Amino acid sequence: PACAIGPPGGLSRRFLEALPFLPTSAQRKVMAEVDGDLTAGRPMLRLLQGDVGSGKTMVAVYALLRAVESGGQAALMAPTEVLADQHALRLAESLEEMGIRMGLLKSSLPASVRRDVTAGLASGELSVVVGTHALIQDGVDFRDLRVAVIDEQHRFGVRQRDALRRPAAARP
């Protein structure tokens, strides 16, 4: 079982209204399917495919916001630090405008910054985190992780992807 998330609320609505374009019918259909999965009370395992520029990231951010507006946390895991940095840069301003605290977690961070980010995740002070495989390392605990998006999931092993579904204490 998974924590069921209620219907879309203010954050996801504000995000969609702030977009400089109207989502396509295919994007709206996928977001509705994501909403259905999130309200079902079972883990969502969904593969989103599309060409570059087709709106996959927009749909992913929508899913992250659905977790946050329900009181939970969300993670976006990227296979490289460069891609994690790009995602963090793109998200930081829009999330900040909505009052959402975000962190970046990657291996190259200084120990003091890593401690701040992991403490923020454990306490719930950070609602969204973008990171690399550093998200699934020992010492990373979420207060209430409800949505995890894995970008370019084919570049992670099955065990790495699955690690986000388990508490840190149960990871190999």
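**View A. The end of helix α5 and the glycine that follows.** Just after α5, G124 takes a positive phi of about 90°. Helices here are DSSP runs of H or I with at least four residues, strands are DSSP runs of E with at least two, and both are numbered from the N terminus. This is a predicted model, so local features need pLDDT of at least 70 and side-chain atom pairs count only at pLDDT 80 or more, while totals for chains, interfaces and linings use all residues. Residues are numbered from 1 along each chain as its sequence is written, and side-chain values use heavy atoms, with hydrogens and water left out.

View B. α5 covers residues 111-123, 13 residues in total, and spans 18 Å from its first C-alpha to its last, close to the 18 Å expected at 1.5 Å a residue (the expected span is 1.5 Å times one less than the number of residues). V117, T118, G120 and L121 are the buried residues of α5; buried means under 20% relative accessible area, exposed over 50%, and partly exposed in between, with a 1.4 Å probe and protein chains only. Looking down the axis of α5, these buried residues fall within an arc of 155°, so they line one face of the helix (the arc is that of the directions from the helix axis to the C-beta atoms). What do the buried residues of α5 pack against? Their partners are β1, β2 (102-105) and β3, where contact means heavy atoms within 4.5 Å. R115 and D116, on the other side of α5, are exposed.

**View C. Strand β1, wrapped up on both faces.** Five of the five residues of β1 are buried, so this strand is largely enclosed by the rest of the structure. Q73, A75 and M77 sit on one side and A74 and L76 on the other, and both faces are covered. β1 pairs with β4 in the parallel sense over five bridges, and M77 stands opposite I150 in β4. β1 also pairs with β3, again parallel, over four bridges, with A75 opposite V129 in β3. Pairing takes at least two DSSP bridges between the strands.

**View D. Two residues from the loop between β3 and β4.** T132 is in this loop and is buried, at a relative accessible area of 2%. Leaving aside neighbours within four places in sequence, T132 is in contact with M77, A78, T80, E81, A84, L105, K106 and S107. Buried or exposed: which is D144? D144, in the loop between β3 and β4 too, is buried, with a relative accessible area of 19%. The D144 side chain makes a polar contact with the side chain of R146 at 2.7 Å. A polar contact is a pair of N or O atoms within 3.5 Å; within protein, one must be able to donate a hydrogen and the other to accept it, and residues adjacent in sequence count only if both atoms are side-chain atoms. D144 also touches G71, G72 and Q73, not counting residues up to four places away in sequence.

**View E. The nonpolar cores.** The largest nonpolar core has 32 residues, and those with the most contacts inside it are F15, I100 and V147. A nonpolar core is a set of buried Ala, Val, Leu, Ile, Met, Phe, Trp, Tyr and Cys residues joined through side-chain atoms within 4.5 Å. α3 gives the most to this core, with ten residues. I100 touches L11, L65, V68, L95, S127 and V128, residues up to four places away in sequence not counted. A second, separate core of 13 residues includes M77, L109, L121 and A134.
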